[in-house]
Protein chains: 2
Amino acid sequence: MSILHDYQKKRKCFVKMGMNFLVGQSGGPTAVINSSLAGVYETAKEMGADHVYGMQYGIEGLLKGQIVDLDEALADEMAIELLKRTPSSYLGSCRYKMPSPEQNEDVYKKLFEIFAQYEIGAVLYIGGNDSMDTIARLSAYGSRVNSPIRFIGVPKTIDNDLILTDHTPGFASAAKFIATVMKEVIRDSTVYDLKSVTVAEIMGRHAGWLAAASSLAKGSDCDGPDIILLPEVPFEADRFLAEVRRLQDEKQSVIIAASEGVKTADGTYLCDLSGSEAPVDAFGHKAALSGTSRYLADLIHTALGCKTRAIELSTLQRCASHLAARTDISEAYRVGGAGVLAALDGHTGCMSALKRISNHPYQFTTELVDVQKVANQEKMVPREWITENGMQMTAEFEAYARPLIQGELNPVFVNGVPRHLTLNNK
Amino acid sequence: MSILHDYQKKRKCFVKMGMNFLVGQSGGPTAVINSSLAGVYETAKEMGADHVYGMQYGIEGLLKGQIVDLDEALADEMAIELLKRTPSSYLGSCRYKMPSPEQNEDVYKKLFEIFAQYEIGAVLYIGGNDSMDTIARLSAYGSRVNSPIRFIGVPKTIDNDLILTDHTPGFASAAKFIATVMKEVIRDSTVYDLKSVTVAEIMGRHAGWLAAASSLAKGSDCDGPDIILLPEVPFEADRFLAEVRRLQDEKQSVIIAASEGVKTADGTYLCDLSGSEAPVDAFGHKAALSGTSRYLADLIHTALGCKTRAIELSTLQRCASHLAARTDISEAYRVGGAGVLAALDGHTGCMSALKRISNHPYQFTTELVDVQKVANQEKMVPREWITENGMQMTAEFEAYARPLIQGELNPVFVNGVPRHLTLNNK
């Protein structure tokens, strides 16, 4: 009865605001960004939307008229299941910085014409800080021109650097991948009876959340990384080498997890440090190959003389959907759905955020936050979640992160590899 | 009845040859090398072995007296299940080149003393070409000194380069990982609406089996890599760039899978090619960082000017047991068990190999081959399994490789990450 009542209330809302939804994906993908898309699509249809349209390649594609009716692709339940298991952005993405209306009002006029043409009542945009800026600008402009269209942000980023949300969908799956493969690399590194140091480079240019997640490899069968380096703590070579030396007295194989964004006190990234003559590649370019892990491995080899190896976990961190966390998939779905409900409740200019209720048992809910406040801000790992020597995570971090990586959603394997859902079978 | 008879026959054999088994692991690990260990252990115990001992860190560790009674660690069934899912070599490994008896007979005398001390009836050694050389030398020496001890090789290598076996355990799991993550990377690379080329570097210094396996990403939802480069085909920059250019006219995102061992007609590895002055790292060392994928990405960027990125799949290829192929795990187990039975049947100086019976349905059996013939040989990808232009795999390769990557064995997830079995809880 109350659900029916709720549904009818929503329908009334639709009549006021237009019967169709428009959804886009923006910025770098995650393993679960498509689960948010599934959440938006299914919730909107459930609530009575006539059409749910997808913008291809985000706002940038939309401006070129690239728009698709998702009913054609997603009406089947199996399609939704595959969508949840498909990495990368199903709709395509962009890195488009919205101009202000003062700079270029034509962009706004064009977008609102498209919204009118497709009878759009609400626009959902799944993305990170920059995408929240887009939503903030669109909703502000909408208010100015008295548009009834609602603009809602749906958070995603593996970097976990959005404020006003406990964490961001996408982080936990990257964290689960990192913790799992670090554990496998740690096993691998013990194979020979000789002293060695392995340095794994982990994504995160500004915030160290993902490198911190490597600590989740720890358990009764694994020590986890011996040293964790984050951008939040200035790198000091002497203290670092002293710690490596101390660890080498204790154990054969020392493992270091380093954020790609580690920098010295004067703000220089380790990956930009090099000898007096910068190395160039075969074509005379400054080599971009000299990464943080390579730098650290060379530093250790020079100082301590032991065998070292550098590993970059690479782009797999954001696309290894075969190892996505079930918790993350569910949360991504729910922030998508919550965004739709927020629009139907008449909200605009907000983001559906995750709010933690408790750690034991882990419980969360969604809430709405002001998208303007989220845009262009970055959340760092709190210093008190890093040990005093700056090279390990505390129990507080584990209490925060461990619940997020729970559960799995097995891929649908076809011919030995995971099946994905793709737009236009491309 | 016949099984009982068989068992009693084996028991008689035991009485003749000593009641204990010794097993070791050697060379680089694979995701399923521990499944072979499980096969050796369980079969030997089933057949009535008093003790199954493990050499720690292979022959090298054994020479230092590092030996462990596996009953203590593996008697529990749950331990066996975890062992099958644990990457790296459970017993530890070595890269030890056995001297000839003429060079150093003391090594042989010492080993045979240890065998006598532990009443060893058979030695099983799980490894690649070099390890088969060790088995060949030990069995030849054993015959010379009239030892009743049997020496049996159990194949493993991700490189799939052993002759006289249809394929090697470990290859298929690496292949499944490569095909899966290549598929995810291909999805990821389509995310923006711009021309780009992604080059993924895949293990295989001499034989291109693993790079070839990237073709298994192909399916109705994925084109697979657009170009595959193997060490078997000499690299020609002009033809390569022409093919990239042709592909770029057809599609936005071009994907290249390159074996780390790709070389030019004069035998120079691409990763060793560089400008007139070899790049050095911050410490003045010749940079080992300039890999094959980096070289190719730079080559393309210089010639075609488009966005490129280089990805190394790294050590995960040999240790990602979270994505092991069930077929591979079973086969690894069975070649281990077959090695034990071969010893009990009185064989020595042989390797238990995999023999394919049919592709549809995929069926295989094990057979014994002369380990002397396997040692120090390398099996290359047949030229007729590579397309005429040298940049793709033919249907014959798919028919060979596709059955091998079937099935999964889910990790046992504890606290969100796979649980492993470790010796001495280290």
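This is a predicted model: local features need pLDDT of at least 70, side-chain atom pairs count only at pLDDT 80 or more; totals for chains, interfaces and linings use all residues.
**Close-up views of the A–B model**

View 1. Two residues make up the hairpin that links β10(A) to β11(A).

**View 2. Chain A meets chain B.** Each chain brings its share to the contact: 74 residues from chain A and 74 residues from chain B, with contact meaning heavy atoms within 4.5 Å. About 6300 Å² is buried between the two chains, 58% of that from carbon and sulfur atoms (accessible area, 1.4 Å probe, lost on putting the two parts together and summed over both).

**View 3. A salt bridge across the interface.** A:Asp221 pairs up with B:Arg419 in a salt bridge, their closest N and O atoms 3.5 Å apart. The count between chain A and chain B is six salt bridges (Lys or Arg side-chain nitrogen within 4 Å of an Asp or Glu carboxyl oxygen).

**Notes.** Residues count from 1 along each chain as its sequence is written, while chains are lettered from A and ligands numbered from 1 in the order written. Local features need pLDDT of at least 70 and side-chain atom pairs 80 or more, whereas totals for chains, interfaces and linings use all residues; side-chain values use heavy atoms, leaving out hydrogens and water.

Methods: Two strands pair if DSSP finds at least two bridges between them. Helices (H or I, at least four residues) and strands (E, at least two) are DSSP runs, numbered from the N terminus.
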